[in-house]
Amino acid sequence: RMANVGFIGLGVMGAPMALNILKGGHSLSVFDLNPDAVQRLVEAGATACASPKEVGAASEIVVTMLPEPQHVHGAILGKDGVAEGLREGGIVIEMSTIDPQTSQTIGDDLRKRGMNLVDSPVGKTSEHAVTGTLTLMIGGEPDAITKVEPILDCMGNEKYYCGGPGMGHAMKITNNVLATTIMVANTEALALGLKCGLTLEMMQQVMRNTMAWNSQFSTAMPKKGFVGDDSPGFAIRLAAKDVRLACELEEKIGIEPRIGRAGLAALQAAIDAGYGDRDTARLMFMLEEKLGV
Ligand code: NAD
């Protein structure tokens with residue numbers, strides 16, 4: 001069955017995800033603070049809305065794909081938010097990378113209004129957003145998940161049911177603090193090798209069969225950092241946000257975020273140098289420039 005779907009947050013990830021919902025034959029109402037991003041979706045067949053509330057009023061299911069927890073909270077529960085427009089029985093699919101507590105708080109509020117929230121943050125890259133092959137980390141009430149499944153299938157081809165409300169976001173934050181700190185560790189070690197006079201090719205050849213090998217090194221970095229591309233991709237400001245959320249959660253839980261803090265410091269240095277909107281590949285270039293390699 002075709003559904004009336006809403007989409008809020010048409011950025012690097014959200015725009016191609018929204019296009020894939022349109023391609024799935026659903027009708028789509030969209031909102032973003034950036035009018036150019038809205039225009040591109042309208043040209044593809046979506047209807048522009050003036051607020052998240054309007055998106056809610058036009059939809060049975062609303063997807064949010066926004067940068068940070070406060071943006072998600074504001075768009076759903078704030079003034080002129082989705083919750084003011086959505087009818088009873090409506091479901092929000094929250095797909096941004098946010099902390100599980102914010103996710104659970106928003107979900108509890110929506111359930112009191114007879115609505116629901118399914119969390120389904122996404123893994124892999126913007127290329128997978130384009131091809132509809134994202135990894136979906138799903139949390140929420142089983143009935144609500146079943147109802148939104150056809151929409152999720154437009155965007156991803158790998159679904160993991162992580163548990164109740166917020167558990168998808170718990171999975172995603174856990175994934176990203178590890179993926180991001182591994183990336184930071186790679187840049188530091190590779191810069192060391194380069195400065196000693198080794199080539200990237202030599203390091204790749206040798207480390208392919210050692211415990212140092214990881215998929216940031218084998219797959220992600222060769223496509224971006226190693227070929228001089230720091231267009232986002234995955235922006236440094238978003239990577240820093242994920243590690244910061246993980247560190248905050250670790251501290252609450254009683255884990256000392258030693259590695260997380262070190263990763264965050266490297267990302268913050270890049271933000272302070274004006275590179276927050278560039279891809280995380282920029283960390284590698286910064287070290288190379290500094291070392292003259
Ligand atoms: P982005 O910055 O490219 O896009 C965010 C969009 O939201 C922009 O178009 C912006 O104008 C819009 N926006 C911001 N605040 C808004 C508001 N209050 N109301 C309406 N629109 C608003 O970010 P992205 O790369 O698409 O990432 C979105 C989320 O997905 C983030 O939480 C990110 O961490 C996560 N994520 C990103 C990747 C990636 O590779 N880029 C992968 C997985 C998950």
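The structure is a predicted model, and its chain is divided into domain 1 (4-164) and domain 2 (170-291).

**The two domains**

- The centres of domain 1 and domain 2, taken over C-alpha atoms, are separated by 28 Å, and the contact between the domains takes 11 residues from domain 1 and 13 residues from domain 2.
- On the side of domain 1 that touches domain 2, there are 6 nonpolar, 3 polar and 2 charged residues.
- An unreviewed UniProt entry places the feature "domain: 6-phosphogluconate dehydrogenase NADP-binding" at residues 4-163, a span that is 44% helix and 25% strand, with its end C-alpha atoms 26 Å apart.
- For residues 166-283, UniProt lists "domain: 3-hydroxyisobutyrate dehydrogenase-like NAD-binding", again in an unreviewed entry, and over this span the chain is 69% helix and 0% strand, with 31 Å between the end C-alpha atoms.

**The shell around the ligand**

- The ligand is surrounded by 26 residues, and the closest of them are G11, V12, M13, S96 and F234.
- Sorted by class, the residues of this shell divide into 14 nonpolar, 10 polar and 2 charged.
- Both domains take part in the shell, since domain 1 (4-164) and domain 2 (170-291) each give at least three residues to it.
- Helix 4 (69-77) and helix 12 (236-253) each supply at least two residues of the shell, and the largest share, 3 residues, comes from helix 4.

- The buried residues of helix 4 are P69, V72, A75 and I76; they lie on the same side of the helix because they cover an arc of only 135 degrees around its axis.
- The elements that cover these buried residues of helix 4 include strand 1 (4-8), helix 3 (52-57), strand 4 (61-64), helix 5 (82-85), strand 5 (91-94) and helix 6 (100-112).
- Along the chain H71 and V12 are 59 residues apart, and their C-alpha atoms are separated by 16 Å.

**Backbone details in loops**

- A cis peptide bond, with omega of about 10 degrees, joins P232 and G233, and G233 is placed in the loop between helix 11 (215-223) and helix 12.
- D80 is not a glycine, although it has a positive phi of about 60 degrees, and D80 is found in the loop between helix 4 and helix 5.
- D80 has 15 C-beta neighbours inside 10 Å, and so counts as partly exposed, which is the class between 12 or fewer (exposed) and 20 or more (buried).
- K124, likewise not a glycine, has a positive phi of about 85 degrees, and its place is in the loop between strand 7 (122-123) and helix 7 (126-131).
- K124 has 16 other C-beta atoms within 10 Å and is therefore partly exposed.

Conventions:
Residues are numbered from 1 along each chain as its sequence is written. This is a predicted model: local features need pLDDT of at least 70, side-chain atom pairs count only at pLDDT 80 or more; totals for chains, interfaces and linings use all residues. Domain bounds come from an automatic or database domain assignment. Two residues are in contact if their C-beta atoms, placed from the backbone, lie within 7 Å. Ala, Val, Leu, Ile, Met, Phe, Trp, Tyr, Cys and Pro count as nonpolar, Asp, Glu, Lys and Arg as charged, and the others, Gly among them, as polar. A residue is near a molecule or strand if its C-beta atom, placed from the backbone, lies within 6 Å of it. Helices (H or I, at least four residues) and strands (E, at least two) are DSSP runs, numbered from the N terminus. The arc is that of the directions from the helix axis to the C-beta atoms. UniProt positions are given in the numbering used here, feature names are shortened, and annotations may be inferred rather than shown by experiment.
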